[in-house]
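Work through the exercises below with the model open. Each task is followed by a stepwise solution.

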Amino acid sequence: MNKIILAFSILVTSNAYLSATPKENINLNTTSISESASQADPNSVKAKGKFQLVTLNYGYSDLEKSIDAETMEIHYSKHYLGYTNNLNNAIIGTEMENQSIETILKNLDMNNSAVRNNGGGYYNHSLYFSTMSPKGGGSPKGEIANEIKKDFGSFDELKKQLSDAGAKQFGSGWAWLILTEDGKLAVTSTANQDNPLMPNQTVKGTPILGIDVWEHAYYLRYQNKRADYLNAYFNVVDWDAVNNNYRNAIKK
Ligand code: MN
């Protein structure tokens, strides 16, 4: 009888030992990528050359209700930084070195693929990141609320048109709310890093809100469900920023 108890207690002890060891190792050695993303500082990311990234007034994890920290960090510190550095390199020694990004894109030679892709990428991401906020979402307010009502009938209609434009954009691209040359708001979409400022666009105007629908903007959390990402975007859209963009666009 004693032998049986002894054997049983060794079995229990050794099992407890075996199961405890790997658990301890996992706890000691694992720091998840999203944890490191939420601790990283966007303000430490600096481009080389003329054009600089827009400064984020929020951290990578602050838009978590719509966009995860890891996606935000990779998007801002890798993709956006890459477009910006590539643009800066592409304009060295040209007249574009002394021009604003708007002037560069409006007068763009569409065969200049380096400036088309990276100048577009720089402008589009500057708008995207500066038009989101942890305090965003809800219904439009201020001047833009009246303009949306005037040109779309309701915010729901605008949201539907923007979501449709983003969902139907085949492959990579952008959905836009723009101010057209005749002073009206319109929704459009573009492929790749093109935008409505560029000479080849059928619907032209000044973007005041842009939604990135490249997979890198949403794939980690939303996978193939682009429509869910588009829906979630409206929880972080910064209507104060959209109002500023609108006022600046009206002046031009
Ligand atoms: Mn992007």
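**Exercise 1.** State where glutamine 223 lies and whether it is buried or exposed.

Solution. Step 1: glutamine 223 sits in the loop that links helix H8 (219–222) to helix H9 (226–233); helices (H or I, at least four residues) and strands (E, at least two) are DSSP runs numbered from the N terminus. The model is predicted, with local features needing pLDDT of at least 70, side-chain atom pairs counting only at pLDDT 80 or more, and totals for chains, interfaces and linings using all residues. Residues are numbered from 1 along each chain as its sequence is written. Step 2: 11 other C-beta atoms lie within 10 Å, so glutamine 223 is exposed (buried means 20 or more such atoms, exposed 12 or fewer, partly exposed in between, with C-beta atoms placed from the backbone). Step 3: its phi is positive, about 45 degrees, although glutamine 223 is not a glycine.

**Exercise 2.** Describe how the axes of helix H6 and helix H10 cross.

Solution. Step 1: the axes of H6 (residues 142–152) and H10 (residues 239–251) come within 8 Å and cross at roughly 75 degrees; axes are lines fitted to C-alpha atoms, for helices over the stretch in contact, and angles run from 0 to 180 degrees between N-to-C directions. Step 2: H6 and H10 are therefore roughly perpendicular (65 to 115 degrees).

Key
Parallel < 35°, antiparallel > 145°, perpendicular 65-115°, else oblique.
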